[in-house]
Amino acid sequence: MTLTWTRRRASAVRFWRAYRTHRAGVAGLGGLALLALIAFAAPLLVGSEVQSVTHAPGGALESPSGAFPLGTDQFGRSLLGLLVWGARISLTVGLLAAVLSVAIGTLVGIVAGHYGGWFATVVMRITDWFLVMPTLVLAIVLATVMSRSVWTVILAIGVTTWPTTARLVRAQTIAVESRPYIERAKALGGGHRHVMARHVLPNVMPLVLAQTTLGISTAILTEATLAFLGLGDPSVVSWGGMLQDAREAGAVSSGHWWYLAPPGIAVALVALAFTLCGRAIESVLNPKLGVGR
């Protein structure tokens, strides 16, 4: 056990040394760490009362000022406070939805790649059907027919964005199972579950990790889109919900740019940060990709 942990620590050290040579990846990681700290400390920084409509401290749609650096919404609530509080929901939804999506895709990809034959053909045809269908449309349908909650949004995103991961993992599984040590494991009595869990899964985990990082940005954008369309949870504050409130308040036509800009920029920056981290991870785990630094 000690030798195993020593090797894992050494591997983690090598990974970090290679990762920190990617300036864009380090910048993205630093931005995400700062945002995660702000979201975690939101109850201390702004407090839950920032969501209150009846006790709003300002007037409706006030422009940015010393008292309200980002202005106020149509209820007089501080947009800076809402932006900080909304980071909790947006990041949570993005992370959980991406994990669910990658978990489904990894399971489907490994099983299809391991068993092959007619079973893999059927599974991959189903995967192709999900792949060609517009992901946003499927998510909208699920979010419409189910109750409006954060968990519904997570489920809708997770069960509609897994096909890409499934195809990538299946291809990697086929490549792994062609190696000699897999044949030795089977000859020594290793069953299907043993081969998939002990030999295939560890070898596809780097791909899964990179795909998760890239999937979080997509999940955050999808959550913002669903909330903007009015399909999010109305009882919580998220960046997409703030955009929906701005649209309903007529911020576009009335020229209240400060209502639209902060949540829109926040979504774009977080998606960019996760993308930079994902590309850096891909480059470290597979230098042949030639991802720039």
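Predicted model: local features only at pLDDT ≥ 70, side-chain atom pairs only at ≥ 80, totals over all residues.
What percentage of the 293 residues of the protein chain count as buried? The share is 41%.

1. Fold content. The protein chain contains 13 helices and 0 strands. Read from the N terminus, the order of elements is accordingly α-α-α-α-α-α-α-α-α-α-α-α-α.

2. Extent and contacts. Along the principal axes, the C-alpha atoms of the protein chain occupy a box of roughly 75 × 45 × 35 Å. Among contacts with a separation of 6 or more, 71% are between residues 24 or more positions apart.

3. Surface and charge. The protein chain has an accessible surface of about 15300 Å², and carbon and sulfur atoms contribute 67% of that surface. Its charged side chains number 22 positive and 11 negative, with 21 Å between the centres of the two sets.

4. Nonpolar patch. Tyr-115, Trp-118, Phe-119, Val-122 and Ile-126 make up a nonpolar surface patch of about 550 Å². Helix α5, which spans residues 117–132, supplies the largest share of this patch, with 4 residues. Trp-118 is located in helix α5; its relative accessible area is 69%, and the residue therefore counts as exposed, the cut-off being over 50%.

5. A buried ion pair. The model has 4 salt bridges in total. One of them links Asp-73 to Arg-77, with the closest N and O atoms 2.8 Å apart. Are these two partners buried or exposed? Asp-73 is buried, at 0% relative accessibility, and Arg-77 is likewise buried, at 7%. Both values fall under the 20% limit, so the two residues are classed in this way.

6. A pair within helix α5. Asp-128 forms a salt bridge with Arg-125, and the closest N and O atoms of this pair are 2.8 Å apart. The two residues are 3 residues apart in helix α5, which means that about one helical turn separates them. Arg-125 is partly exposed, at 46% relative accessibility.

7. A link between helices. Asp-128 also forms a salt bridge with Arg-167, where the closest N and O atoms are 2.5 Å apart. Because Arg-167 lies in helix α8 (residues 163–177) and Asp-128 in helix α5, this pair ties together parts that are 39 residues apart in sequence. Arg-167 has a relative accessible area of 34% and is partly exposed. Through shared partners, the salt bridges join Arg-125, Asp-128 and Arg-167 into one network.

Technical notes:
Residues numbered from 1 in each chain as written. Heavy atoms only, no water. Buried < 20%, exposed > 50% of the residue type's maximum accessible area, 1.4 Å probe, protein only. Contact = heavy atoms within 4.5 Å. Areas by Shrake-Rupley, 256 points an atom, 1.4 Å probe, with all protein chains shown as cover. Lys, Arg positive; Asp, Glu negative; His and termini not counted. Charge placed at Lys NZ, Arg CZ, Asp CG, Glu CD. Patch = residues over 30% accessible without salt bridge, like charges linked within 9 Å, V, L, I, M, F, W, Y side chains within 5 Å. Salt bridge = Lys/Arg side-chain N within 4 Å of Asp/Glu carboxyl O.
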